[in-house]
Amino acid sequence: NARLLRASLRAAGIDPLGDDSSHIVPVNVADGDAARTMAVGGALAAAGYLVGAVRPPTVPRGTSRLRITVTAAHDEAQIRGLVAQLVRCTST
């Protein structure tokens with residue numbers, strides 16, 4: 001599922017950060033802007049996707065990101081739905 005998520009993100013033009021073998025998939029949105037990252041995290045939550053939004057002081061200023069955790073319990077439709085919603089949230 002982590003490979004599917006990363007491939008789906010890349011196909012949507014979103015470059016995931018971190019190690020390709022990890023089930024934790026960081027995604028930089030809005031060039032690391034903390035307020036925009038939090039807004040995208042909130043919009044994803046409102047759409048039913050629990051995605052962590054990480055900002056300073058947890059990460060250095062200018063590197064805020066989403067922290068997506070994918071498990072074996074997620075199915076393909078959920079993963080693709082998350083990516084589609086992320087694209088919608090970041091294109092506005």
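Q: Why is Arg 80 called partly exposed?
A: In this predicted model, Arg 80 has a relative accessibility of 42%.

Q: What makes Arg 80 and Glu 76 a salt bridge?
A: Their side chains meet at 2.8 Å, N to O. The rule asks for a side-chain nitrogen of Lys or Arg within 4 Å of a carboxyl oxygen of Asp or Glu, so the pair of Arg 80 and Glu 76 qualifies. Glu 76 is partly exposed, with a relative accessible area of 45%.

Q: Why are Arg 80 and Glu 76 separated by about one helical turn?
A: Both lie in helix α3, 4 residues apart. An α-helix has 3.6 residues a turn, so residues three or four places apart point the same way.

Q: How do you know that the span of α3 agrees with what its 15 residues should give?
A: The expected span is 1.5 Å times one less than the number of residues, which for α3 comes to 21 Å. The end C-alpha atoms of α3 are 21 Å apart, so the two values agree.

Q: Which residues of α3 are buried, and what covers them?
A: Ile 79, Gly 81, Leu 82, Val 83, Gln 85, Leu 86 and Cys 89 are the buried residues of α3. Their cover includes α1, β1, α2 (34–46) and β3.

Q: Why is Arg 6 called buried, and Asp 20 partly exposed?
A: Arg 6 has 2% relative accessibility, and buried means under 20%, so Arg 6 counts as buried. Asp 20, at 40%, falls between the cut-offs of 20% and 50% and therefore counts as partly exposed.

Q: What makes Asp 20 and Arg 6 a pair that ties together parts of the chain?
A: The side chains of Asp 20 and Arg 6 meet in a salt bridge at 3.6 Å, N to O. Asp 20 lies in the loop between α1 (2–11) and β1 (24–28), and Arg 6 in helix α1, so the pair joins parts that are 14 residues apart in sequence.

Q: How do you know that Arg 10 and Asp 20 form a salt bridge?
A: The N to O distance between their side chains is 2.9 Å, and the cut-off is 4 Å, so the pair of Arg 10 and Asp 20 counts. This pair also links distant parts of the chain, with Arg 10 in helix α1 and Asp 20 in the loop between α1 and β1, 10 residues apart. Arg 10 has a relative accessible area of 40% and is partly exposed.

Q: Which residues are linked in a network of salt bridges, and how many salt bridges are there by this rule?
A: The network links Arg 6, Arg 10, Asp 15 and Asp 20. The count by this rule is 4 salt bridges.

Q: Why is Ser 64 called buried?
A: Ser 64 has 0% relative accessibility, and the label applies under 20%, so Ser 64 counts as buried. Ser 64 sits in the loop between β2 (52–54) and β3. Leaving aside neighbours within four places in sequence, its contacts include Asn 28, Asp 33, Thr 37, Val 54 and Pro 56.

Q: How do the residues lining the largest pocket divide into nonpolar, polar and charged?
A: The lining has 8 nonpolar residues, 4 polar and no charged. About 190 Å³ of space lies in this pocket. β3 (65–69) and α3 (76–90) are the elements that give two or more residues to the lining, and α3 gives the largest share, 3 residues.

Note on methods. Residues are numbered from 1 along each chain as its sequence is written. This is a predicted model: local features need pLDDT of at least 70, side-chain atom pairs count only at pLDDT 80 or more; totals for chains, interfaces and linings use all residues. Side-chain values use heavy atoms; hydrogens and water are left out. On a 1 Å grid over the protein atoms alone, a cavity is a set of points where a 1.4 Å probe fits but cannot get out, and a pocket is an open set with protein on both sides within 12 Å along at least five of seven lines; lining residues have an atom within 4 Å of a point. Grid points are joined across faces, edges and corners, and a volume is the space filled by probe spheres set on the points. Ala, Val, Leu, Ile, Met, Phe, Trp, Tyr, Cys and Pro count as nonpolar, Asp, Glu, Lys and Arg as charged, and the others, Gly among them, as polar. Buried means under 20% relative accessible area, exposed over 50%, partly exposed in between (1.4 Å probe, protein chains only). Contact means heavy atoms within 4.5 Å.
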